Amino acid sequence: MIRSIFLKIILSFIFIILLLALPLSLFSSRTIEKHFTDVLKRELEKTVRTIVPLAADLGETPSLEQTVDSLGEAIKTRITVIGRDGKVWADSTNDPRTMENHNNRIEIRQALLKGTGFSIRYSDTEQKKMLYVALPFPADSRGEGSLGVVRASLYLEDVTVLNQALFRSLIHLLGILIALALLLAFFLSRSLSAPVRAIAAASMDVSQGRFGTKVHLKNHDELKTLADNFNFMTDKLSTLFRQLSEEKEKISSIIESLSEALVVIDAQGMITLYNTSFLHLAECPKAEGHPLIDILPWPELLTLIEECRADNQTRSEEISLSKKVWLASVTMTTAGSAVVLLHDITLIRKTEKMKKDLVANVSHELRTPLTAIKGFADTLLESAEDSDRKYLDIIAAHTDRLISIVRDLGDLSRLEEKGTEGFESVNLCEIIENVILLFDKKIKEKSLKLLTDFPAGPLLVYGDRLRLEQLLINLMENSLRYTDEGTIKVTARREDNRILLTVSDTGIGIPREKTERIFERFYVVDKSRSRRTGGTGLGLSIVKHIAVMHGASISVESEQKKGSSFTVRFPAL
């Protein structure tokens with residue numbers, strides 16, 4: 001295989017030169033041969049014309065034979081005189097009496113019919129290829145009729161020898177021209193291939209990471225432009241690779257600094273990237289190039305990765321293994337790789353469990369003494385003097401508030417532990433109808449107006465009926481607590497594959513900077529109002545827990561002194 005561009009150019013020039021030289025030499029040879037043949041033909045014709053008068057005067061006589069012999073010897077040309085009947089009268093090289101009739105010769109027939117005869121053919125008499133020219137001579141002085149034909153001929157081998165000599169000279173000339181052309185092609189090829197080789201060598205250096213390589217050409221043509229563009233490209237590549245190296249170092253530093261175990265696996269399940277935390281978790285010195293199933297054979301994690309591959313979605317899931325709890329996050333890349341992040345949340349879950357147990361135990365332990373205090377306070381109020389009643393009312397109010405807090409804490413604790421057991425298809429419209437009956441008296445006492453807007457048909461959601469009622473009750477209590485005048489409106493509607501439950505009011509509203517914290521435990525916007533109205537700061541937190549338990553989301557829109565609007569979006573059945 002030809003790899004050098006120099007050889008390719010040289011061979012291309014040779015091919016083109018030969019492609020032009022061979023047809024040219026053949027054409028020249030044929031042209032020269034035809035030219036000499038025409039010249040000889042004209043010369044023979046002149047010779048014959050000078051002999052025609054002699055042949056007409058002498059006729060078929062011995063004198064004619066002597067004259068023809070002497071003329072043929074003198075001009076080195078074969079001369080033949082033939083009668084009209086084809087009989088040979090005289091021939092300069094042969095005995096006419098031994099020669100056959102020539103009436104069937106082409107040149108003789110042409111001369112008798114057309115006035116001039118010409119042919120190139122093989123001579124039966126001479127046993128050689130010859131050139132013939134024949135002219136008729138007249139039968140009388142007036143030139144009427146043809147008495148016979150005078151024919152002159154030459155051996156074509158003489159023409160062939162001359163033509164070969166000329167052809168050799170032509171070949172020599174073409175050889176010199178071809179040599180000069182090849183020499184020119186050689187220098188031209190070198191001038192073209194040298195810059196290309198320089199650019200090729202520079203590109204090889206660049207491929208090996210030597211971006212400082214430059215190509216400097218002196219000529220001013222397209223190759224110079226190519227070299228300049230190459231130099232510009234290497235500068236850009238050098239800058240880009242430096243930036244990529246810096247970014248790679250940053251990413252590597254970030255990955256190594258993560259306390260969480262990070263591992264990247266390709267589409268075949270092979271590990272391509274990991275950090276030190278992952279090696280500590282897997283308890284192996286090296287993981288790259290090994291299947292994840294061999295290094296970390298966690299069935300739940302492998303199943304999670306396969307689920308993410310199936311729908312190309314990001315997922316997070318808790319995995320329990322060896323008395324530890326891990327939060328596994330799997331993110332798919334466009335190249336089909338999976339980025340797995342494992343965070344040890346064992347301590348967090350233990351702390352949460354301790355907190356839940358503490359809340360549950362405290363709620364349980366406080367419930368009995370608070371109930372007793374409440375009972376004794378009510379008993380004392382029945383027989384108390386007017387001067388003591390004020391203090392007993394304060395004791396009873398704060399006891400009620402403590403009981404509400406304990407009750408709400410117990411509800412939160414139960415919500416965090418309960419799953420989806422006991423869920424059923426629930427008509428949200430029925431829940432609204434039942435809950436608004438509970439608040440009818442309180443709303444009238446505050447001179448508020450209650451509005452509802454929901455369809456006559458069912459709006460079905462999958463959930464716990466009692467918890468859904470508690471969600472709406474807490475939202476209604478929140479609106480009632482912070483609305484002194486105006487309206488409270490409850491609406492429900494279907495929107496695509498969601499059912500929206502909205503409770504809005506015209507109350508005092510919530511400052512924009514506090515809307516993100518209203519679902520936190522014990523957080524209240526107006527503490528004085530909350531104490532005055534008996535709020536615990538847990539109602540909206542319970543609402544959010546119930547919404548999350550039902551796969552719903554909750555949002556709030558509020559403006560101070562204009563009111564608030566809480567919207568819960570449930571998955572529709």
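At 46% relative accessibility, E60 counts as partly exposed in this predicted model. Its salt-bridge partner is K87, with the closest N and O atoms 3.1 Å apart. K87 is partly exposed too, at a relative accessible area of 43%. E60 sits in the loop between α1 and α2, while K87 sits in the loop between β1 and β2, so this pair ties together parts that are 27 residues apart in sequence.

A second pair, R151 and E107, tells another story. Here the closest N and O atoms are 2.8 Å apart. R151 belongs to strand β5 and E107 to helix α3, so the bridge links parts 44 residues apart in sequence. Both of these residues are buried.

Then there is a pair within one helix. E247 and K250 form a salt bridge at 3.9 Å, N to O. They are three residues apart in α5, which means about one helical turn separates them. E247 is partly exposed at 41%, and K250 is partly exposed at 49%. Salt bridges can also join up: E65, D95 and R97 are linked in a network. Altogether, the count comes to 19 salt bridges.

Turning to helix packing, the axes of α11 (residues 428-438) and α13 (residues 465-481) come within 10 Å and cross at roughly 50°. That angle makes α11 oblique to α13. The crossing is right-handed. On the α11 side, the residues in contact are E430, I431, I432, N434, V435 and L438, and they meet R465, L468, E469, L472, I473 and M476 of α13. Sorted by class, this contact has eight nonpolar, one polar and three charged residues.

Methods
Residues are numbered from 1 along each chain as its sequence is written. This is a predicted model: local features need pLDDT of at least 70, side-chain atom pairs count only at pLDDT 80 or more; totals for chains, interfaces and linings use all residues. Side-chain values use heavy atoms; hydrogens and water are left out. Axes are lines fitted to C-alpha atoms, for helices over the stretch in contact, and angles run from 0 to 180 degrees between N-to-C directions. Helices (H or I, at least four residues) and strands (E, at least two) are DSSP runs, numbered from the N terminus. Angles under 35 degrees count as roughly parallel, over 145 as roughly antiparallel, 65 to 115 as roughly perpendicular and the rest as oblique. A crossing is left-handed if the near helix is turned anticlockwise from the far one by less than a right angle, and right-handed if clockwise. Contact means heavy atoms within 4.5 Å. Ala, Val, Leu, Ile, Met, Phe, Trp, Tyr, Cys and Pro count as nonpolar, Asp, Glu, Lys and Arg as charged, and the others, Gly among them, as polar. A salt bridge is a side-chain nitrogen of Lys or Arg within 4 Å of a carboxyl oxygen of Asp or Glu. Buried means under 20% relative accessible area, exposed over 50%, partly exposed in between (1.4 Å probe, protein chains only).
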